[in-house]
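Reader: Please show me the model. I would like to ask about the terms one by one.

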Amino acid sequence: MSGRSVRKTYPRQPKRGAGRGAPSICITVIAIVLLACSIQLASAAPPPDAPADAFYSNQIAEKLLNQIRDGLQAYNSRKMLAAFDREGMQAYPAFHDQVEAFYAQYESFRIAIRLEESSFEQDKGTATASFRLEGIPRYGGPAIRREGELIFEFSRTRSGWKIRDVSPRSFFS
């Protein structure tokens, strides 16, 4: 080895309280403030599917009424019955059997629905709708035509809004 000495260099250490610690404290404070704001906003926002005004009330009612219409026109009783609250609807098994018997009588349906009015408060709502139904009998004969005003009661379930009752139920028999 030669007589040269190798000098070791070490990185400079910042002064205590400046440099390395200050930015991390600042980032932590900002993160806490953002978290607090997001919690505050989340608690102030209405829950999903909560009707805030007439527009949202109509949207919820129309969605469920369209599901009934689509189920009838597609000749799919399962799709139609999925709009109803199995657990919250009084005498649902009897209604289910009534709808299945209704489908068995006809080979196809045409339906027109017009929402007349709806109102919702918290987890419940009601709607009135005009229905026009035409059914082609399975074993021949003239088409049946029904018109009526139906009243629907809605409730919010774990899986979203559902129809809890319809009056008169005899419309689907």
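Author: Start with helix H4. Its 14 residues should span 20 Å at 1.5 Å a residue, and its end C-alpha atoms are 20 Å apart, so the two agree. The expected span is 1.5 Å times one less than the number of residues. This is a predicted model: local features need pLDDT of at least 70, side-chain atom pairs count only at pLDDT 80 or more, and totals for chains, interfaces and linings use all residues. Residues are numbered from 1 along each chain as its sequence is written, and side-chain values use heavy atoms, with hydrogens and water left out.

Reader: What makes a stretch count as a helix or a strand, and how many of each are there in the protein?

Author: Both are DSSP runs, numbered from the N terminus: helices are H or I with at least four residues, strands are E with at least two. By that rule the protein has four helices and four strands. From the N terminus on, the elements run α-α-α-α-β-β-β-β.

Reader: Which residues of H4 are buried?

Author: Tyr-92, Phe-95, Val-99, Phe-102 and Tyr-103 are buried in H4. They cover an arc of only 95° around the axis, which puts them on the same side of H4. The arc is that of the directions from the helix axis to the C-beta atoms. Pro-93 and Asp-97 are exposed, on the face of H4 turned away from its buried side.

Reader: Why is Thr-128 called buried?

Author: Buried means under 20% relative accessible area, exposed over 50%, and partly exposed in between (1.4 Å probe, protein chains only). Thr-128 has a relative accessible area of 14%, so Thr-128 is buried. Thr-128 lies in strand S2, residues 124–137. S2 is mostly covered, with 10 of its 14 residues buried. For the protein of 173 residues, the buried share is 28%.

Reader: Why does Arg-110 count as exposed?

Author: Arg-110 has 55% relative accessibility, so Arg-110 counts as exposed. Arg-110 lies in strand S1.

Reader: What does Arg-110 contact, leaving aside neighbours within four places in sequence?

Author: Contact means heavy atoms within 4.5 Å. Arg-110 is in contact with Arg-132, Leu-133 and Glu-134. The C-alpha atoms of Arg-110 and Ile-136 are separated by 8.7 Å, and these residues are 26 apart along the chain.

Reader: Which residues does Thr-128 touch, not counting those up to four places away in sequence?

Author: Thr-128 touches Arg-114, Leu-115, Glu-116, Glu-117, Glu-149, Leu-150 and Ile-151. In the protein, 56% of the contacts with a separation of 6 or more are between residues 24 or more positions apart.

Reader: How do you know that S1 and S2 pair, and how many bridges join them?

Author: Two strands pair if DSSP finds at least two bridges between them. 14 bridges join S1 (residues 106–121) to S2, and the strands run antiparallel. Ile-111 has Leu-133 in S2 as its bridge partner. Glu-117 stands opposite Thr-128 in S2. S1 and S2 form a hairpin with two residues between them, and Gln-122 in the turn has a positive phi of about 50°.

Reader: How many bridges join S2 to S3?

Author: 12 bridges join S2 to S3 (residues 144–157), again antiparallel. Thr-128 stands opposite Ile-151 in S3. Thr-126 stands opposite Glu-153 in S3. This hairpin has six residues between S2 and S3, and Gly-140 in the turn has a positive phi of about 85°.

Reader: Which order do the four strands take, and what makes S1 and S4 edge strands?

Author: The open sheet has the order S1-S2-S3-S4, with antiparallel pairing. S1 and S4 (160–167) each have a single partner strand, so one side of each is left without a neighbour in the sheet. Neighbouring strands of this sheet are turned by 30° against each other on average, direction ignored.

Reader: Where does H4 lie relative to the strands?

Author: H4 (residues 92–105) lies across S1, S2, S3 and S4, and runs at about 140° to S1. Axes are lines fitted to C-alpha atoms, for helices over the stretch in contact, and angles run from 0 to 180 degrees between N-to-C directions.
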